[in-house]
Amino acid sequence: MTFQQSIQTVFRKYADFEGRASRSEFWWWVVLYALAVAATGLFGVIRFDYGGSLGSILTGLWTIGTLLPTLAVTVRRLRDADYPWGHVFWYLLPIAGLIVLAVLCAQPAKSYAPQVQPAPGTEPPAPPAPPAPPAAPAPRDDA
């Protein structure tokens, strides 16, 4: 998946926590996110009277605006690597959490068989009956 395809997919599925995300989709998103934070940080030289800067405002707006897509692509990537979605809470741990998430999201995709869901209102077929045990031998009448 190319950079452009990855970014389009993330924005198209910005609130989709179902399904899976490939490693390229996730990591291209991380690259864009880091570049955007770096670019908005460059505006930190423009200071305001109250002590803030334009860079901090722009970085904050970018972070808030991309929070949902970032969480969604992370959950989908974790699912693809066969980890539960709860690992997304590693984001809350400042530095070590990002390292743990990076390691988890770098894992290759696990193979999975697509599961066919039964149509609504129908019951799945019953499993086949186990084979019958072999019959006991008939008693011998040698007397």
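**Group meeting: an all-helix model**

Read along the sequence, this protein follows the pattern α-α-α-α-α. Good morning, colleagues. Please keep in mind throughout that the structure shown is a predicted model. The protein has 5 helices and 0 strands. Of its 143 residues, 22% count as buried. Turning to contacts between residues at least 6 apart in sequence, 59% of them join residues at least 24 apart.

I begin with a pair of helices. Two packed helices are described by the angle between their axes and by the distance between those axes. Helix α2, residues 23-41, packs against helix α3, residues 54-65, at an angle of about 155 degrees, and their axes lie 7 Å apart. Because angles over 145 degrees count as roughly antiparallel, α2 is roughly antiparallel to α3.

Which residues form this contact of α2 with α3? From α2 come L32, Y33, A36, V37, T40 and G41, and they meet G55, L58, T59, W62 and T63 in α3. The residues of this contact divide into 6 nonpolar, 5 polar and no charged.

Between these two helices runs a loop, and S53 has its place there. Is S53 buried or exposed? Its relative accessible area is 8%, and burial requires a value under 20%, so S53 is buried. Leaving aside residues up to four places away in sequence, S53 touches G44, I46, R47 and F48.

I now move to the core. The largest nonpolar core has 13 residues, of which W29, V73, L78 and C105 touch the most other members. Helices α1 (3-12), α2, α4 (67-80) and α5 (96-105) each supply at least two residues of this core.

In α5, the residues G97, L101, L104 and C105 are buried. Where do they sit around the axis of α5? They lie on the same side of the helix, because they cover an arc of only 90 degrees around the axis. What covers these buried residues of α5 includes α2 and α4.

To close, I return to two points. Thank you for your attention.

Methods:
Residues numbered from 1 in each chain as written. Predicted model: local features only at pLDDT ≥ 70, side-chain atom pairs only at ≥ 80, totals over all residues. Heavy atoms only, no water. Axes fitted to C-alpha atoms, helices over the stretch in contact; angles between N-to-C directions. Helix = DSSP H or I, 4+ residues; strand = E, 2+ residues; numbered from the N terminus. Parallel < 35°, antiparallel > 145°, perpendicular 65-115°, else oblique. Contact = heavy atoms within 4.5 Å. Nonpolar A, V, L, I, M, F, W, Y, C, P; charged D, E, K, R; others polar. Core = buried A, V, L, I, M, F, W, Y, C linked by side-chain atoms within 4.5 Å. Buried < 20%, exposed > 50% of the residue type's maximum accessible area, 1.4 Å probe, protein only. Arc of directions from axis to C-beta.
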